[in-house]
Amino acid sequence: MANNGFLYRAFRLYYDGFRSMTLGKTLWLVIAIKLFIIFVILKIFFFPNFLSTHAEKGAEADFVATQLLNNNQ
């Protein structure tokens with residue numbers, strides 16, 4: 001079985017690189033925690049679902065279209 005394909009070589013590159021890391025694993029953990037905070041925690045507290053409170057169920061597209069057309073005049 002030939003394992004010289006591009007995907008296999010790319011996988012081996014990253015696999016060998018991550019296996020030999022010492023400080024890098026900690027840095028990747030910090031990056032993952034920061035991304036979790038940015039995309040989950042901030043979404044929950046600072047970006048509420050505006051359409052669910054202002055548009056009727058099933059008519060969200062019409063609400064957005066009317067808002068865009070009315071605000072551009």
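**Charges along a helix**

Arginine 19 and aspartate 16 sit 3 residues apart in helix H1, so about one helical turn separates them. Helices here are DSSP runs of H or I with at least four residues, strands are runs of E with at least two, and both are numbered from the N terminus. Before going further, note that this is a predicted model, where local features need pLDDT of at least 70 and side-chain atom pairs count only at pLDDT 80 or more, while totals for chains, interfaces and linings use all residues. Residues are numbered from 1 along each chain as its sequence is written, and side-chain values use heavy atoms, with hydrogens and water left out.

Back to that pair: the side chains of arginine 19 and aspartate 16 meet in a salt bridge, at 3.1 Å from N to O. The term means a side-chain nitrogen of Lys or Arg within 4 Å of a carboxyl oxygen of Asp or Glu. Through salt bridges that share partners, Arg12, Asp16 and Arg19 end up in one network. The other link is between aspartate 16 and arginine 12, with N to O at 3.4 Å. These two are 4 residues apart in H1, which spans residues 6-19, so they too are separated by about one helical turn. The structure holds 2 salt bridges.

How open are these side chains to solvent? Let's call a residue buried under 20% relative accessible area, exposed over 50%, and partly exposed in between (1.4 Å probe, protein chains only). Arginine 19 comes out exposed at 52%, whereas aspartate 16 is partly exposed at 30%. Arginine 12, at 29%, is partly exposed as well.

Now hop over to helix H4, residues 60-71, where you'll find phenylalanine 63. From glycine 17, phenylalanine 63 is 46 residues away in sequence and 50 Å away in space, C-alpha to C-alpha. H4 has 12 residues and runs 17 Å from its first C-alpha to its last, close to the expected 16 Å; that expectation is 1.5 Å times one less than the number of residues.

H4 is hardly covered, with a buried count of 1 among its 12 residues. Phenylalanine 63 counts as buried, at 18% relative accessibility. Which residues does phenylalanine 63 contact, leaving aside neighbours within four places in sequence? They are Phe50, Leu51, His54 and Ala55, where contact means heavy atoms within 4.5 Å.
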